[in-house]
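Colleague: Could you walk me through this model? I would like to start with a single residue and then move on to the whole chain.

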Amino acid sequence: MENKELTVIERVDELVKASGRPIEFEVQELNKLAEKAKGINSISHAEFKPVKSEMVKRRNYIKQYCLDARRDIKK
């Protein structure tokens, strides 16, 4: 049997299926946000605060989602 490396999207899909909890956004949205952040080169950039705020919000959501999904899977 061949070991296949899973992509991030496949891992998220498996977690969603296993837990039965839908995720609020698509993984591709995180890639777009990361690309936006790469264009910011200082804290005085106009997009710094909104992008940072959105990244923190998404990180906290993912952290809580994974904790909740793990609890549901263990039940």
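Colleague: Where is the place of Phe 48?

Modeller: Phe 48 sits in helix α3, which covers residues 48–74; helices (H or I, at least four residues) and strands (E, at least two) are DSSP runs, numbered from the N terminus. Please keep in mind that this is a predicted model, in which local features need pLDDT of at least 70 and side-chain atom pairs count only at pLDDT 80 or more, while totals for chains, interfaces and linings use all residues. Residues are numbered from 1 along each chain as its sequence is written, and side-chain values use heavy atoms, with hydrogens and water left out.

Colleague: Why does Phe 48 count as partly exposed?

Modeller: Phe 48 counts as partly exposed because its relative accessibility is 25%; buried means under 20% relative accessible area, exposed over 50%, and partly exposed in between (1.4 Å probe, protein chains only).

Colleague: And which residues does Phe 48 touch, not counting those up to four places away in sequence?

Modeller: With those left out, Phe 48 touches Ile 40, Ser 42 and Ile 43, where contact means heavy atoms within 4.5 Å. Ser 19, by comparison, is 29 residues from Phe 48 in sequence, and the two lie 34 Å apart in space, C-alpha to C-alpha.

Colleague: What about Ala 69, is it buried or exposed?

Modeller: Ala 69, which also belongs to helix α3, counts as buried because its relative accessibility is 0%. Leaving aside neighbours within four places in sequence, Ala 69 is in contact with Leu 15, Ser 19 and Arg 21.

Colleague: Which are the buried residues of α3, and what do they pack against?

Modeller: They are Val 51, Arg 58, Tyr 65, Asp 68 and Ala 69, and the buried residues of α3 pack against α1 and α2 (27–38).

Colleague: How far does α3 reach?

Modeller: From its first C-alpha to its last, α3 reaches 39 Å with 27 residues, close to the 39 Å expected; the expected span is 1.5 Å times one less than the number of residues. Helix α1 (residues 8–19) has 12 residues and reaches 16 Å, close to the expected 16 Å, and just after α1, Gly 20 takes a positive phi of about 75 degrees.

Colleague: Changing topic, how many helices and strands does the chain have?

Modeller: The chain has three helices and zero strands. Its radius of gyration is 16 Å, well over the 11 Å that the globule rule gives for 75 residues, so the chain is more spread out than a compact globule; the radius is taken over C-alpha atoms, and the rule is 2.2 Å times the number of residues to the power 0.38. Along its principal axes, the C-alpha trace spans about 50 × 30 × 15 Å.

Colleague: How much of the chain do buried residues make up?

Modeller: Buried residues make up 13% of the 75 residues in the chain.
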